[in-house]
Amino acid sequence: MQKKAVILANGSFPTHKIPLNELKSSKYIVCCDGAINKLDEAGIEPFAIVGDLDSLNPEMKWKYRDIIHHFANQDSNDLTKAINWCLENKFSQVIIVGATGQRDDHMIGNVFLLPQYAKKIRVRMLTNYGCFTPLLRSKNFDSYTRQQVSIFSPNSETLISTANLRYALTEQKLELMNQGTLNESMGDSFRIEFEGGPLIIYQEY
């Protein structure tokens, strides 16, 4: 049986119904330490609070003292600490919410960490506008006609082919990070094929 956690990062609290429903319906909310203030204000109970505790005020430390997991290591951010905690506790899937907004540099860093997480655990990131999915191998995606789709290729040597996207790629390299953006689905599914990689696929809701 797969065990899924929802990780709440300390960016903008979700407002779109899709990430918000994931948060409200989850039994296993793993909260990056500074995000507990927003979760507490929303009246939602966390399952665990993970981080270096530098953003946790004394009131929250006391209130949630029994579920706090302190990792002082400064070589990784709180989101990575939360992912590692999920791995240690036998979760097989995570949905990340609240990882965008506020600090733009944090947002970019969080998105491009996704392929590293995907090597260890099934992961997606939901924002208030769409979904980021890291890819380590070719994949079919459920979609809808005219859904906006972007492909990001951190490795500029990766050869990419697509099926059922308006602007088709055929064994093409994306040498600049913007080259695969602003594409569009032509129906209820599309396919991304590649060797090497990884890729990050963005789909709007």
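Let's start with residues 130-200. Their end C-alpha atoms lie 13 Å apart. The span is 44% strand and 0% helix. UniProt, in an unreviewed entry, places a feature here: "domain: Thiamin pyrophosphokinase-like substrate-binding". Keep in mind that this is a predicted model.

Now step back to the whole protein. How many helices and strands does the protein have? There are 5 helices and 13 strands. The C-alpha trace spans about 55 × 35 × 35 Å along its principal axes. Next, the radius of gyration. For 205 residues, a compact globule would come out near 17 Å; the protein has 18 Å, so the two agree.

What about burial? Of the 205 residues, 47% are buried. The accessible surface comes to about 10800 Å². Carbon and sulfur atoms account for 48% of that surface. And the contacts? Take those between residues at least 6 apart in sequence: 62% of them join residues at least 24 apart.

On to a sheet. It is open, with 3 strands in the order E8-E12-E10. The pairing is antiparallel. Which strands stand at the edges? They are E8, residues 139-142, and E10, residues 159-163. Each has a single partner strand, so one side of each is left without a neighbour in the sheet. From one strand to the next, the twist averages 20°. What holds such strands together in general? Strands of a sheet pair through backbone hydrogen bonds, in parallel or antiparallel fashion.

Look at one pair in detail. E12 covers residues 189-195, and it pairs with E8 over 4 bridges, in the antiparallel sense. For a landmark, find Asn140: Arg191 in E12 stands opposite.

Next, helix H4, residues 78-88. Is H4 mostly covered or mostly open? Mostly covered: 8 of its 11 residues are buried. The buried ones are Asp78, Leu79, Thr80, Lys81, Ala82, Ile83, Trp85 and Cys86. What do they pack against? Five strands come up in that list: E1 (4-8), E2 (29-32), E3 (48-51), E4 (68-70) and E5 (93-97). Helix H5 (104-118) is a packing partner as well. Just after H4 comes Lys90, with a positive phi of about 70°.

That brings me to backbone details. Most residues other than glycine have a negative phi, and most peptide bonds are trans. Here are some places to check against that.

Start with the loop between E10 and E11, where E11 is residues 183-184. Asn164 is found in this loop. Asn164 is not a glycine, yet its phi is positive, about 70°. Its relative accessibility is 37%, so Asn164 counts as partly exposed.

Leu182 lies in the loop between E10 and E11 too. Leu182 is not a glycine either, and its phi is positive at about 60°. Is Leu182 buried or exposed? The cut-off for exposed is over 50%. Leu182 has a relative accessible area of 66%, so it is exposed.

Last stop: the peptide bond between Gly197 and Pro198. That bond is cis, with omega about 5°. Where is Pro198 found? In the loop between E12 and E13, the latter being residues 199-204.

To recap, then. We have an open antiparallel sheet in the order E8-E12-E10. We have H4, mostly covered. And we have a cis bond joining Gly197 and Pro198.

Definitions and conventions:
Residues are numbered from 1 along each chain as its sequence is written. This is a predicted model: local features need pLDDT of at least 70, side-chain atom pairs count only at pLDDT 80 or more; totals for chains, interfaces and linings use all residues. Side-chain values use heavy atoms; hydrogens and water are left out. Two strands pair if DSSP finds at least two bridges between them. Helices (H or I, at least four residues) and strands (E, at least two) are DSSP runs, numbered from the N terminus. Axes are lines fitted to C-alpha atoms, for helices over the stretch in contact, and angles run from 0 to 180 degrees between N-to-C directions. The radius of gyration is taken over C-alpha atoms; the globule rule is 2.2 Å times the number of residues to the power 0.38. Buried means under 20% relative accessible area, exposed over 50%, partly exposed in between (1.4 Å probe, protein chains only). Contact means heavy atoms within 4.5 Å. Accessible areas come from the Shrake-Rupley method with a 1.4 Å probe; for residues, only the protein chains shown count as cover. UniProt positions are given in the numbering used here, feature names are shortened, and annotations may be inferred rather than shown by experiment.
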